[in-house]
Amino acid sequence: MESELLTVPQVLDVLNGVSRRTFYRWRELGIAPECIKLPNGELRIERRDLRAWLEQHREAA
């Protein structure tokens, strides 16, 4: 089964108010969910990777 690919704005909606700048800062720091960079430079995040990332942070809370 394939995982749905989410855009950065869709991920930000799931994260309820995290800013685009914060998301890209997390990427710089290596703490954002794993992303796929498309040939046009846009990022996509697999829904399953976002869920796993959220679960990882739930345990750390």
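## Exercises: salt bridges and a buried serine

Glu55 and Arg58 form a salt bridge, with their closest N and O atoms 3.1 Å apart. The model is predicted. The exercises start from this pair.

**Exercise 1. Where do Glu55 and Arg58 lie, and how many residues apart are they?**

Solution. 
- Step 1: locate the pair. Both Glu55 and Arg58 lie in helix H3.
- Step 2: take the spacing. They are 3 residues apart, about one turn of the helix.
- Step 3: check accessibility. Glu55 has a relative accessible area of 37%, so it is partly exposed. Arg58 is exposed, at 58%.
- Step 4: check confidence. Helix H3 (residues 47-60) has the lowest mean pLDDT among the elements of the protein, 90. The highest, 98, belongs to strand S3 (residues 43-46).

**Exercise 2. Which parts does the salt bridge between Arg47 and Glu4 tie together?**

Solution. 
- Step 1: state the bridge. The side chains of Arg47 and Glu4 meet at 2.8 Å, N to O.
- Step 2: place each end. Arg47 is in helix H3 and Glu4 is in the segment before S1, so the bridge ties together parts 43 residues apart in sequence.
- Step 3: check accessibility. Arg47 is partly exposed at 26%. Glu4 is partly exposed at 42%.
- Step 4: The whole structure has 6 salt bridges.

**Exercise 3. Is Ser3 buried or exposed, and which residues does it contact beyond its neighbours within four places in sequence?**

Solution. 
- Step 1: apply the cut-off. Buried means under 20% relative accessible area. Ser3 has 17%, so it is buried.
- Step 2: list the contacts. Leaving those neighbours aside, Ser3 touches Glu46, Arg47 and Arg48.
- Step 3: look for polar atoms. A polar atom of the Ser3 side chain lies 3.3 Å from the backbone nitrogen of Arg47. The backbone nitrogen of Arg48 is 3.1 Å from a polar atom of that side chain.

Methods: Residues are numbered from 1 along each chain as its sequence is written. This is a predicted model: local features need pLDDT of at least 70, side-chain atom pairs count only at pLDDT 80 or more; totals for chains, interfaces and linings use all residues. Side-chain values use heavy atoms; hydrogens and water are left out. pLDDT is the predictor's confidence in each residue, from 0 to 100. Helices (H or I, at least four residues) and strands (E, at least two) are DSSP runs, numbered from the N terminus. Buried means under 20% relative accessible area, exposed over 50%, partly exposed in between (1.4 Å probe, protein chains only). A polar contact is a pair of N or O atoms within 3.5 Å; within protein, one must be able to donate a hydrogen and the other to accept it, and residues adjacent in sequence count only if both atoms are side-chain atoms. Contact means heavy atoms within 4.5 Å. A salt bridge is a side-chain nitrogen of Lys or Arg within 4 Å of a carboxyl oxygen of Asp or Glu.
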